[in-house]
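Hello,

Here is the structure I said I would pass on. My notes follow it.

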Amino acid sequence: MAKRVGLYPGTFDPIHNGHTDIIGRVVKLVDRLVLGVAINTGKGPMFTLEERVAIVEAEAATLTGGAEIVVQPFEGLTMHFAREVGANVIVRGLRAVADFEFEFQMTAMNQQLDREIETVFLMADPRHQAIASKLVKEIVTLGGDVTKFVSPRVKEALLSKVGR
């Protein structure tokens with residue numbers, strides 16, 4: 001039987017509890033999960049690519065579910081990367097209606113690029129629906145507590161990055 005390979009792409013700057021919840025759920029659905037850490041300098045990441053990859057690897061190492069998890073940086077079109085890693089499904093998390101509108105359009109475009117790769121949406125757990133990396137960075141930069149939103153390891157990396 002062919003392996004089910006999933007790709008969960010993101011900037012992961014930083015990875016937060018919403019991301020890890022999606023990862024923890026998707027590893028039950030695939031045999032191999034590639035966590036694609038996007039090289040996206042346009043977003044002005046707080047962490048370097050190397051730091052993000054290392055943090056995502058550390059977080060992924062704590063998850064169980066049976067699937068092999070691989071963390072790999074990528075640049076360019078997600079569909080090209082999906083083909084490169086042999087993914088037959090792209091996993092996306094949805095928090096709100098605004099996410100759906102954007103993801104719906106992206107999925108339609110991706111289907112035009114490659115109809116063999118499906119996109120699967122997982123709804124965010126209600127406890128994590130408000131979490132966004134951008135907001136986590138803003139909270140920590142302004143001296144707030146991000147304990148509820150990220151793991152202790154990620155919190156420590158954030159505090160170190162902002163000099164606390």
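Which residues have the most contacts inside the largest nonpolar core? They are Y8, L33, L35 and L158, in a core of 30 residues. A nonpolar core here is a set of buried Ala, Val, Leu, Ile, Met, Phe, Trp, Tyr and Cys residues joined through side-chain atoms within 4.5 Å; buried means under 20% relative accessible area and exposed over 50% (1.4 Å probe, protein chains only).

This is a predicted model, so local features need pLDDT of at least 70 and side-chain atom pairs count only at pLDDT 80 or more, while totals for chains, interfaces and linings use all residues. Residues are numbered from 1 along each chain as its sequence is written, and side-chain values use heavy atoms, with hydrogens and water left out.

Helices (H or I, at least four residues) and strands (E, at least two) are DSSP runs, numbered from the N terminus. The largest contribution is that of α2, with 5 residues. A second, separate core has 12 residues, among them V34, M79, V85 and I90.

Helix α4 covers residues 97–113. In α4, D99, E103, T107 and N110 are buried. Seen down the helix axis, the buried residues fall within an arc of 65 degrees (from the directions of the C-beta atoms), so they line one face of α4.

Regards

Notes:
The expected span of a helix is 1.5 Å times one less than its number of residues.
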